[in-house]
Amino acid sequence: MKGTKKTNAARILDGLAIAYELREFPVDLDDLSAVHAAEQLNMPVRQVFKTLVCRGDKKGVVMACIPGEATLDLKALAAASGNKRIEMVPLKEVLGLTGYMRGGCSPLGAKKEYPVFLDASAMEWDRIAISAGKRGEQILLAPSDLVRAVHAVSVALTR
């Protein structure tokens, strides 16, 4: 892409020799949703995955990647991550924990390498979209490549 500075997420994929496509779209600060990103990318919202940051009572911070329109099943994530209970991290803490702003949180290249859980529905697609680590930029890649890049666990996470 001309003039585009690569994000940490893209550099990580480059380092692993994983094929991907970067797609940019205009940012709407009033709508940072995955649904909006899907519309801008002309993709089904089920194929555009949002990254949610959660905290468990035993294992600490984890990331969950789920389809854009889906709701995270906290009990399923708790069970998959070895926690009894898990909750969403308050929005004001996400930047400090991950280095990412709301609307640009990626499972790749966070400040720390948190465990990543990818909703099993991702495996139904040849490629999925995830945040490239900044608002208005998505990475399209094979779900199996995302699993390899972040050592993700693929499990049913939505209700």
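This is a predicted model: local features need pLDDT of at least 70, side-chain atom pairs count only at pLDDT 80 or more; totals for chains, interfaces and linings use all residues.
**Exercise 1. The largest pocket**

*Solution.* Begin with the pocket itself: its volume is about 510 Å³. Next, consider the residues around this space. The lining comprises 28 residues, and those closest to the pocket centre are Leu32, Lys50, Thr51, Arg102 and Gly103. Then assign the lining to secondary structure: H2, strand S2 (49–56) and helix H4 (91–98) are the elements that give two or more residues.

**Exercise 2. A histidine in helix H2**

State whether His36 is buried or exposed, and list its contacts beyond the local sequence.

*Solution.* First, locate the residue: His36 belongs to helix H2, which spans residues 34–41. Second, apply the cut-off, under which a residue is buried if its relative accessible area is under 20%. The value for His36 is 10%, so His36 is buried. Third, set aside residues up to four places away in sequence; His36 then touches Phe25, Pro26, Asp28 and Asp31.

**Exercise 3. The surroundings of Ser131**

Describe the position of Ser131 and find a backbone oxygen that lies 3.4 Å from a polar atom of its side chain.

*Solution.* Ser131 is part of strand S6. Its relative accessibility is 5%, and Ser131 therefore counts as buried. When neighbours within four places in sequence are left aside, the contacts of Ser131 are Phe49, Gly104, Cys105, Ser106, Glu137, Gln138 and Ile139.

**Exercise 4. The buried face of helix H5**

Explain why the buried residues of H5 line one face of the helix, and identify what they pack against.

*Solution.* Start with the residues concerned. In H5 (residues 143–150), the buried positions are Pro143, Asp145, Leu146, Ala149 and Val150. Viewed down the helix axis, these buried residues fall within an arc of 155°, and therefore they line one face. Their packing partners are helix H1 (8–15) and the strands S5 (116–119), S6 (128–134) and S7 (137–141). To complete the description, examine the residue just after H5: His151 adopts a positive phi of about 55°.

**Exercise 5. The annotated region**

What are the helix and strand percentages over residues 34–148?

*Solution.* In the unreviewed UniProt entry, these residues carry the annotation "domain: YbaK/aminoacyl-tRNA synthetase-associated". Over this range the chain is 26% helix and 30% strand, with 23 Å between the end C-alpha atoms.

Note on methods. Residues are numbered from 1 along each chain as its sequence is written. Side-chain values use heavy atoms; hydrogens and water are left out. Buried means under 20% relative accessible area, exposed over 50%, partly exposed in between (1.4 Å probe, protein chains only). Helices (H or I, at least four residues) and strands (E, at least two) are DSSP runs, numbered from the N terminus. The arc is that of the directions from the helix axis to the C-beta atoms. Contact means heavy atoms within 4.5 Å. A polar contact is a pair of N or O atoms within 3.5 Å; within protein, one must be able to donate a hydrogen and the other to accept it, and residues adjacent in sequence count only if both atoms are side-chain atoms. UniProt positions are given in the numbering used here, feature names are shortened, and annotations may be inferred rather than shown by experiment. On a 1 Å grid over the protein atoms alone, a cavity is a set of points where a 1.4 Å probe fits but cannot get out, and a pocket is an open set with protein on both sides within 12 Å along at least five of seven lines; lining residues have an atom within 4 Å of a point. Grid points are joined across faces, edges and corners, and a volume is the space filled by probe spheres set on the points.
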